[in-house]
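User: I would like to learn how to read a model of this kind feature by feature, with the general idea given before the particular case. Could we begin with how exposure is judged?

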Amino acid sequence: MSLRSRESLIFDRSVPGKIGLDLPKLDVPEAKDLRPAKLKRSGFDALPSCTEPEVIRHFTRLSKDNYGVDDGLYPLGSCTMKHNPRLNEKVAALPGFAESHPMAGDSLIQGNLELLYTLQEWLKEVTGLDAVTLQPSAGAAGELTGVLLIRAYHLSHGRKRKVILIPDAAHGTNPATAAMAGYEVVDIASGADGTVSFEDVTDPVSGKVKQGFLSLVAEYKEDIAGLMITNPNTLGIFEYRIKDICDAIHAVGGLVYMDGANMNALVGVARPGDFGVDVMHMNLHKTMSTPHGGGGPGAGPVACRKVLEPFLPRPVVVRETAKVGEGEVPHHTYRWDWDRPHSIGKVHTYFGNFGMLVRALTYCTSHGGDGLRTATLRAIVNANYIRKELEGVYHLPVTSPSMHEVVFNDAIQAKKDVHTLDIAKRLIDYGFHPPTVYFPMVVSGALMIEPTESEGKDELDAFIHAMKEIARETEENPDLLHQAPVTAPLRRLDETTAARKPILRWVKA
Ligand SMILES: Cc1ncc(COP(=O)(O)O)c(C=O)c1O
């Protein structure tokens, strides 16, 4: 921790006349300012004036106050903060990819179209499904696309179905998506093992009965458009009855959407298409290592069965193979197919976030099929190593086998009045990004840890050591934890106000 005072805003450092770059002398008449007044910002008239070293130092110092996946383990459960291989960046920066214009004609971008087609083939193989769109720009955008496909499918059969069933442990984007697509969301109770309960569940405290899967299917029957299920679920547990769940939904004419954000626990091991899923998304910025950054740009491709293919967003990249003589290498050409009369329309400008798709295919091809499977197995081993080392030190509320992430809570530490937030903040002092906290909401005081496959044993051991030290401090000096973080540039922030009333622009004092 430095004694230097906090970094001020670049605007506050600005001194009129200071300059960080030399522009060539103006050799044309100065243009009139044609910007309409309503588009001009009030509060300041110019960008900050600073020297080059000031600008470089300002942003370098700020970057050092930050913590990223390049600093160390970033165990943010459900987010899969894994290493972004530099090879991905190198390939994405190749001029043919980075500088190609989205409006270039098909004949000029054959390589890029082949890349998209090839990535679709990889995703079909990984998911066990028949068709893919690469357009959606994130997981939630993929969910909406997938549910709109379900809707289009039912409407094309003249069915006006109203309900989507969603387990109560679902990621928040699932019910939000179903509601956005115009459906009524009906919650399915989870059982004590953390998976979808087939039977109704009685709350031991309130005595309230929450309906389980079977009674909901029996109640809503032909009103059910589909089910959205995250698998592995938000507790990092595989929904082991997924095949029965899919069969029951299909029996009433519904379709199954799988939130595949946690596919990094399944790739190369199990294929959703094989266990009955009809449509799903994958978060390439998780499973395929493309960068997360301030919410984007990401990529949330959707894979589906043949029956949903006509409704996919357009255009769709297609491959045509010219007839060749026997023994000759077939000649493929690629083109955008816009002629999709049943398409739900576009869900992204142009063809999605192309740079992310380049990175994802680089990840797939550089790993190969075996490498992708190995990555999955390592992600699972790493989560289970942490689970084994910390079980008993932290409470494990649900003991079903963990896949790629493990959820503890603060039940042991709460006896000393130390809570999840205190533990998370103290981890910052130990040089780690905190895990996801208070999610999933079905676990009180959840600490959701996802190490990913990127971490070696040394880094895992350092994290485990920090967590054990925090548990020891809880016993010996709980107040220290209430103060944490004590070494960070900023102490405890009012996170609610920061989220609800963010100050996003500088205004002259
Ligand atoms: C289970 C699950 N579903 C959906 C999403 C939403 O994905 P995105 O943030 O890319 O929209 C996430 C995000 O982490 C997730 O963990």
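Analyst: A residue is called buried if 20 or more other C-beta atoms lie within 10 Å of its own, exposed if 12 or fewer, and partly exposed in between, the C-beta atoms being placed from the backbone. Glycine 128 has 16 C-beta neighbours inside 10 Å and therefore counts as partly exposed. This is a predicted model, in which local features need pLDDT of at least 70 and side-chain atom pairs count only at pLDDT 80 or more, while totals for chains, interfaces and linings use all residues. Residues are numbered from 1 along each chain as its sequence is written.

User: Where does glycine 128 lie, and which residues does glycine 128 touch?

Analyst: Helices (H or I, at least four residues) and strands (E, at least two) are DSSP runs numbered from the N terminus, and glycine 128 lies in the loop between helix 5 (110–127) and strand 1 (131–133). Two residues are in contact if their C-beta atoms, placed from the backbone, lie within 7 Å; leaving out residues up to four places away in sequence, glycine 128 touches Arg271, Pro272, Gly273 and Asp274. The C-alpha atoms of glycine 128 and cysteine 304 are separated by 9.0 Å, with the two residues 176 apart along the chain.

User: How should I read the backbone angles, and what is the phi of serine 78?

Analyst: Most residues other than glycine have a negative phi, and most peptide bonds are trans. Serine 78 has a positive phi, near 75°, and is placed in the loop between helix 2 (52–65) and helix 3 (86–92). Serine 78 is buried, because 21 other C-beta atoms lie within 10 Å. Aspartate 417 also is not a glycine and has a positive phi of about 65°, but aspartate 417 is exposed, with 12 other C-beta atoms within 10 Å.

User: How is a sheet read, and what is the strand order of the open sheet of three strands?

Analyst: Strands of a sheet pair through backbone hydrogen bonds, either parallel or antiparallel. Pairing here requires that DSSP finds at least two bridges between two strands, and the open sheet has the order 12-14-13 with antiparallel pairing. Strand 12 (406–409) and strand 13 (436–437) stand at the edges with a single partner strand each, so one side of each is left without a neighbour in the sheet. Four bridges join strand 12 to strand 14 (residues 446–449), and asparagine 409 stands opposite alanine 446 in strand 14.

User: What are the domains of the chain, and which residues of the largest nonpolar core touch the most other members?

Analyst: By an automatic or database domain assignment, the chain is divided into domain 1 (88–365) and domain 2 (377–499). In soluble globular proteins, nonpolar side chains tend to be buried together. A nonpolar core is a set of buried Ala, Val, Leu, Ile, Met, Phe, Trp, Tyr and Cys residues joined through C-beta atoms within 7 Å; the largest has 116 residues, of which Tyr257, Leu357 and Ala360 touch the most other members. Helix 11 (residues 354–390) gives the most to this core, with 15 residues. Domain 1 and domain 2 both give residues to this core, so it lies between them.
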